[in-house]
Amino acid sequence: MWHRIPASSALVRRLAFASLVANIGIVITGGAVRLTGSGLGCPTFPRCTDDSWVTTPEMGVHGAIEFGNRTLTFVLGVIALAGVAAALRLRAQRPTLTWWALSILGGIAAQAGIGGLTVLTDLNPWIVGSHFLVSVALITAAYGFWHRAGEPDGPATPTVPASLRTLLWVLVGSTLALLAVGTVVTGSGPHAGDERVARNGLDPQAISQAHADLAFLVLGLAVAAWFAFRAVSAPPPVIRAAGWLVGLLLAQGVLGMVQYFTGLPELLVGLHLLGSCLVWVALLAMLFHSRTRHLDPIHQPMEPVAELAHSR
């Protein structure tokens with residue numbers, strides 16, 4: 001059936017962008033499940049109840065919220081399948097697109113399994129945390145798919161000095177650590193997804209302090225990167241992404257302090273979760289724009305170069 005999909009880099013890019021938005025969206029809806037105490041709204045898996053695949057009126061709003069989040073997984077799967085089909089149509093000219101598309105589809109399948117395990121273990125906080133980290137990997141794959149669909153398949157050429165590429169990778173590693181510790185903070189806090197669920201048993205104040213220390217480290221690295229990119233006249237997309245990263249980190253810091261001193265209100269926690277996704281996307285933009293690709297004269301694309309430029 002995939003051969004009926006039009007062969008178009010522009011279509012692939014639109015599907016990749018839809019996948020990126022959807023994978024950020026499901027992080028937010030997953031947070032809403034936890035923040036509203038609906039984590040066990042559907043207490044079994046893969047069924048919603050022992051007798052029903054869907055939520056029932058007796059399960060109330062919590063069942064509807066949890067079932068709605070599960071349903072979104074199928075939406076992500078459909079988008080990912082369409083992306084794979086569209087990428088396969090270009091596999092002769094754009095082979096790397098297929099691998100990006102397949103990585104998204106595989107990640108969604110893994111997420112479904114982790115989601116089921118989360119329910120079956122009564123929202124074990126460590127498994128809930130891994131759920132978010134896999135979403136970070138999916139956002140990475142979706143961004144990579146989107147970005148590559150707007151490039152030719154020639155060899156990659158750095159657009160910034162090697163030392164700044166190293167700084168970027170240090171920033172990536174530090175940000176991953178920040179996100180990972182953030183999940184541990186969540187696992188020690190009050191928003192478990194259900195009032196009967198146990199937490200990870202760690203001291204919330206100590207973990208929050210470690211999270212804050214990492215946030216200051218990441219912010220310092222981001223500011224240093226922004227100044228360094230400007231100093232070497234890096235391409236405008238890299239400098240803009242670095243500026244966005246600094247701004248988002250500052251906003252996240254303010255939001256984190258406010259929510260900490262106001263008892264972690266659900267709305268602010270949800271906004272903080274969205275901010276985490278946007279921070280990661282800004283960092284990905286810096287990383288992917290720190291190199292460029294030129295048209296490979298040996299493997300000409302199916303479409304004119306002008307169409308690729310237009311798809312940007």
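**A walk through the helices, spaces and disulfide**

Start by selecting helix H6 and colouring its buried residues: Ile 207, Ser 208, His 211, Leu 214, Val 218, Leu 219, Leu 221, Ala 222, Ala 225, Ala 228 and Phe 229. Keep in mind as you go that this is a predicted model.

Now show the whole of H6, residues 204–231. Its 28 residues span 40 Å between the first C-alpha and the last, close to the 40 Å expected at 1.5 Å a residue.

**Second largest pocket**

With H7 and H8 already on screen, bring in helix H4 (125–149). Helices H4, H7 (236–261) and H8 (266–289) each supply at least two residues to the lining of the second largest pocket. This pocket holds about 370 Å³ of space. To centre your view, pick Tyr 143, Ala 241, Trp 244, Val 281 and Ala 285, which are the closest to the pocket's centre among its 15 lining residues. If you colour the lining by class, you will find ten nonpolar, two polar and three charged residues.

**Largest cavity**

The model has three cavities of 30 Å³ or more, and the largest has a volume of about 40 Å³. Select Val 27, Phe 132, Ser 135, Val 136, Ile 139, Leu 179, Ser 276, Cys 277 and Trp 280 to see what lines the largest cavity. Which helix gives the most to this lining? That is H4, with four residues; H4 and H8 each supply at least two. By class, the lining of the largest cavity has seven nonpolar, two polar and no charged residues. While you are here, click on Cys 277: with a relative accessible area of 3%, this residue is buried.

**The disulfide**

For the last stop, select Cys 42 and Cys 48. How many disulfides does the model contain? The count is one, and Cys 42 and Cys 48 form it, with their sulfur atoms 1.9 Å apart. Turn the view to look along the S-S bond: the angle about it is -65°, and the link between Cys 42 and Cys 48 is left-handed. Are these two cysteines buried or exposed? Cys 42 is buried, because its relative accessible area is 0%, and Cys 48 also counts as buried at 0% relative accessibility.

Terms used: Residues are numbered from 1 along each chain as its sequence is written. This is a predicted model: local features need pLDDT of at least 70, side-chain atom pairs count only at pLDDT 80 or more; totals for chains, interfaces and linings use all residues. Side-chain values use heavy atoms; hydrogens and water are left out. On a 1 Å grid over the protein atoms alone, a cavity is a set of points where a 1.4 Å probe fits but cannot get out, and a pocket is an open set with protein on both sides within 12 Å along at least five of seven lines; lining residues have an atom within 4 Å of a point. Grid points are joined across faces, edges and corners, and a volume is the space filled by probe spheres set on the points. Ala, Val, Leu, Ile, Met, Phe, Trp, Tyr, Cys and Pro count as nonpolar, Asp, Glu, Lys and Arg as charged, and the others, Gly among them, as polar. The expected span of a helix is 1.5 Å times one less than its number of residues. Buried means under 20% relative accessible area, exposed over 50%, partly exposed in between (1.4 Å probe, protein chains only). A disulfide is a pair of cysteine sulfur atoms within 2.5 Å.
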